[in-house]
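Biologist: I would like to go through how the chains of this model meet. Please show it first.

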Amino acid sequence: MTTSTIDLTLPYKTRVQDALGNKHLRTALDRSTGRMAGQRVAAMTAVDGQLLRDQVRQMKEHVIRNLPDLLEELERTITANGGHVHWAKEGVDVQRLVVEIARKANVQKVVKAKSMATEEVHLNQALQSAGMKVVETDLGEYIIQLAGEPPSHIVAPVIHRRVEEIAEVFQRELDMPPTLDPQVICSVARGALRKEFLSADMGISGCNFAIAETGTCCIVTNEGNGRMSSTLPRVYVVVMGIEKLVPTVEDAFLQYQALCRSATGQQCSVYLSMTNGPRRPGDTDGPEEFHVILLDNGRVDMLAKEYGEALCCLRCGACLNVCPVYREIGGHAYGSTYSGPIGAVISPSIHLEVTDVDKLPYASSLCGACREACPAKIDLPRMLLELRRDVVEEGDAPLFDRQSMQAFSFAMGSRGRYEAAGKLGSLGSNVFAGMSGGNIKFMPGPLAAWTSSRDFPPLAKRSFREQWKERQRGRKSIGEGKKEE
Amino acid sequence: MTHKKQFDSPPRRVALFVTCMVDMLYPEVGMATVELLERHGVEVVFPAEQTCCGQPAFNSGFWEEARPLARRFVDIFEPLVRQKQVDAVVAPSGSCTTMTSHFYQLLLENEPAYRERAAFLGAATFELTEFLVDVLGVTDVGARFDGRLTYHACCHLLRELGIDRQPRALLDAVEGADLVAMTGADECCGFGGLFAIKNGGISTAMGQRKAQNIAKSDADAVALCDVSCMTHINGLLSREGQRCRAVHIAQVLTNQVDVAARPASDEVAPESKAAPRRWQDDKVKG
Amino acid sequence: MSARDEILDRIRTILSRPELSFPPVEAPPLTADERMTVTHAEGDAAALARRFGQELEKLYGSYEILSSAIEVRLALINRLTDWAAEEDAARKGPKPETFGQERMVLSWAPAQLPIDGLAEALADMQWQLVAPDKLTSPEALEKVRFVRFGVTGVEAAFASTGSMLVVSGPGTNRSASLLPFRHIALIPFSRLYATMEAWLTERRAAGELVDLLRTRAGWNMITGPSKSADIEMNLTLGVHGPKYVHAILFDDTRPVISEAERAEIARLMALDDDE
Ligand code: SF4
C-alpha cells in the first residue's frame, strides 16, 4: 500500500527526507492546511479577534501566575463533586494510575476520545499490555489506529492521509465495500464504533480546560465521541496537563470560543461537554466513577527553564496550519507527539522520547506566522531562538556549525578582518561562478546544501564600502574646490 | 518594545547601516539607498567600522559568538545618535533592522548597560521604506518601471517590524508599474539564515512554492526589502530558468531595474561588466 | 512527599524567583466588566428565535418558529412523520431489524419537557415516548439502541451561535440528545438568550452560576448536528451524535390562547373524535 506515513523512530534527517519525498503526504497536507488556515482567519476577523487574543492571553497569564492555588481549588471542587483527583509526575505514573483504576473496576474495554495528553504518555500501549481492549473513537484517530500509526496533527490527526488511503484501510479492516464517498466511510465508522461505545466499561478523554471554581472538566468535540465516552461507560477518566485550567465559568466560555475559532474556524464546536463528577442520585445516565489525573511530565520544567509561556497553549493547532515548514513535511517528521512550531518548542521539555529532539528548534525559518496566528499570543519564534541557544550552550551543536560560527564571529569582529574576508570571498566565489558561467551552481562542503537546489550569486567585485570610499574622495575634492571659491 | 523616535524637525543627517550582505553581494542596493536618501535632502554618513550585526550567529543559537558583534555594533552607531551627529540610522533591510532594534534586547539581556544603549539606538534605527514613508513622509519618489511588478513581504519586516503599508505605498506610486498580486505574498520564502543550509530540503521546498507563486503571478520582477530573501528567491528562479527576478525595492525606486533592456547594476558600477553575471544579467538573457 | 505536594511545591518555588521572565508578576484576572462578548445578537424574542434558526441552519440543522406552545405537539408529530417517511423513501433494500423500536422516541421525562401532554399526543399517532429511569447498563441501552428519534427541552439556548445547553438531572437524561440519529429540541422563547455570555451574566448576577453547575453532573452545549472533517477536510455529518438536529422554537410568553389557536384545538379534538 502506498502510504503517507513516516517512521517516527528514524533520525530527523531521514524523517524529513522521507516526508519531502512523499508525494501523497504532500498532496494531503496541501489540501488541508491552507484551508484550515483560511477558515481561522475568517473566523477571527468576523469578531474582534485581537481583543479576544488579548483577553485569552491575560487570562492564561493569570492562570500560570496563580497555578498552585488554582490547582488546589480545582482539586477541592472536583472532590466535592464526587470525583477523584490523582497527580502524576511522569507519563509512567499516568499509565500506572489508569491501569489501577481499570483493574479495580474490572474494566475489559476502554473507549477513548481524542487526547494529546494520553498520546504523550503512551497510555494505549500500557492498557493493552494490561490486557484491555482500547478503541480510539475520534474518526481520525480511529482511522490511524486501524492503520497502526500515531496522529500527525493536534486537531486533525489524519491530515496526512488522502481519502483513497483511508478507504483502503476501511476495506481491509472493516470489510467496507469499495467507495471514496466520505459520508459512506463515516457511516461505516458510526456503526462499528457504536457497538464499542455500548459495550465499553471505561471512557478516557483529555481535557481542553477545567474550571477551577466549579471542578468542571470540559472537552470540545464535533463528532460526539467525547460525549459518548463521558456518558456511556461506567468509569470516566480525564487526563489533563496541569496547565489546562481556567479560573471561572466565564473564562471557560471565552477560551472555548477562541479555541474553536482558531482550531477549525468554527464559532462553536458541535459539542462542548462539561463533566462535574459522577452521575448524581436520580440521574438516568452518566458514569458512576469519575477520575481526573493531573499530569506534569515536564510542564513544570518548562516553567523553570523560562519556557513557561508555552503553558498558555490551547492546543488549537493554528500554528501548525500556518507554518510553512509543517506544510511541507507534516507532523510525523517532527518525530514527536507534538509537531509544528508548538511541538518544536515543548518537545524538548516534555518528557517524551523523541529521536533528535535537539534538531526540532531548528526546524523553523522563524518567519513568525505562528505567533501571528496563536490565540494566546505565544512568542514561539523567540522561544525557538532561545532553545537553539540552549542546544549550543549544552554543546550539542554540530562541529561544523560551531567552527563556522566561531570563524564568522572572528572575521566580523574587526573591520580589517571583515574587509579581508570580503576580498577573499569575492575572489573565491568568482572562481566558482566562473566555472558555471554566472551564478554559483556548486559550493563545497556543507554549503552544497544550498547549491544542490539553488544558485548563489558571486560576491561583488567591488564592495559597497570601496565604491563609497571612491565616491567620497570625489565629493571631497568637489567640496574642497567649493571652499576655495 | 521600543517606541520609535519622533522627530520635531525633519531629520537632516543619517548613518547608513548598509548590512554585510549588501556591502559584499549587492553594492548597487547600498548605492540606491544612498541615492534615495540624498534625493530627499538627507545627508548620509557611512561609518566604515561597521561589519555584521551578528544575526547569523544569533539566529543559529551561537549567542556567545553574536554578543561581541552586537556590542561592537552598538559602540559604532549609538554614540553617533547619542551625540546627535546623526538623527537616525537607516538600513536597507528589515531583517538586520529587526536584529539590532529587537533581538539585541534578548541577546544582551544580561548586560543592562549595553541593553539600554541598544534600546536607545533601536528607537532611532529605521528600515529604509519605513524611514522614507513614516519619517520623511514620501511615497512618490519619482520612479518609473515598465512592466509587471509584484511584492513579496519578507518575514521579519512584516511580522517583527510590522512594516507592510510603507513599501506597498512606495511601489503604488511607481509610474508605469503594473502591480500584480501574488498568492501567498506574505508566506516565508524559506531562507531563514542557516535554516537554508541545515534544513536545505525543507527550505528548498518552501522556496519552490514561492517560485511557483511568482510564476503564477506573471510578474516581471518581485520587489522586496531584504537581500537575503532576494538571494534565496533568485537562487531558485535562476535554477528553474525562470525569467522573473527578485529585486530590492531601492533598486526599483532608483530605476535600476529594467526588465527589457540592459542590466541596471551596470549603471551603478560600469566596471563590474567584467565581473561574472549578476541576477539582472540573467533576466535579460532569459 | 506525595506527587501532589512535590508538583505544587516546585511550582511555588519557581514562581517565587524574582528573575522569572514568565508569567509577569502582575497578572490580574479578567474581570466581568472587561470580558468581551464574542458574538452578538439583537432584537426581541422573535428576532432572536429567527437568528437562532439561521445560525443552526448554516450548520446543517433545521428549525421552525411557532407563535404559541399549543402548536408544538402537532409540529413535533409532523416532523416525526416526515422524517420516518424520508427514511423509508431513502432506504435501499429491506428494512433492517429494529426490535420493536421503530416507533419509539427517546425522551426526557414528560414532566421535564416544556410542553404538557406530549406523550399522549404522540401515543394517539402511534408514537411511543420512552423516558427510561436508568440507562446505565448494556441491557437498558439495548432496549433503546435502535431508536431513531430523540426529544428534549433545553436549559438555555443562545441565538448568536445557534447553540443549546442541555443538562443532566432527574428526568433529563443525556442520551436523548446523543444516541438517536435525529434530535428534536423544544425551545421556549423564555429560555432563549441573545448570547451565551448573556446567560452567564444573568446566572452570575443571580448568584447561582457556580451552584447550578456543581449540582448537575453533565452539561452539554450543542451547536448543530454531529460532524467531522477528518477525511481530507470533507464535511461528514452524524459521525457519532445525531445527524439531524431540528429546533422547534415557540413563544411561551403570551398568557392567553388566541382565537386561531382555539380553532386549532377544536380541529385537533375533532380529529380525535373521528378516530
Ligand atoms: S501555540 Fe498557540 S497556535 Fe499553537 S497550538 Fe498552542 S495555542 Fe494554538
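Biologist: How many salt bridges does the rule find across the interface of chain A and chain C?

Modeller: This is a predicted model, and side-chain atom pairs count only at pLDDT 80 or more. A salt bridge here needs a side-chain nitrogen of Lys or Arg within 4 Å of a carboxyl oxygen of Asp or Glu. One of them joins A:Glu250 and C:Arg204, at 2.6 Å from N to O. Across the interface of chain A and chain C, the rule finds eleven.

Biologist: Which pair of chains has the most contacts?

Modeller: Contact means heavy atoms within 4.5 Å. No contact joins chain B and chain C; their closest C-alpha atoms are 11 Å apart. Two pairs of chains do touch, and the one with the most contacts is chains A and C.

Biologist: What area do chain A and chain C bury between them?

Modeller: Interface size is often given as the accessible area lost when the parts come together. On the residue level, 107 residues of chain A are in contact with 89 residues of chain C. Carbon and sulfur atoms carry 56% of the buried area, and the total is about 8,600 Å².

How values were computed
Residues are numbered from 1 along each chain as its sequence is written. Chains are lettered from A and ligands numbered from 1 in the order in which they are written. This is a predicted model: local features need pLDDT of at least 70, side-chain atom pairs count only at pLDDT 80 or more; totals for chains, interfaces and linings use all residues. Side-chain values use heavy atoms; hydrogens and water are left out. Buried area is the accessible area (1.4 Å probe) that two parts lose on being put together, summed over both.
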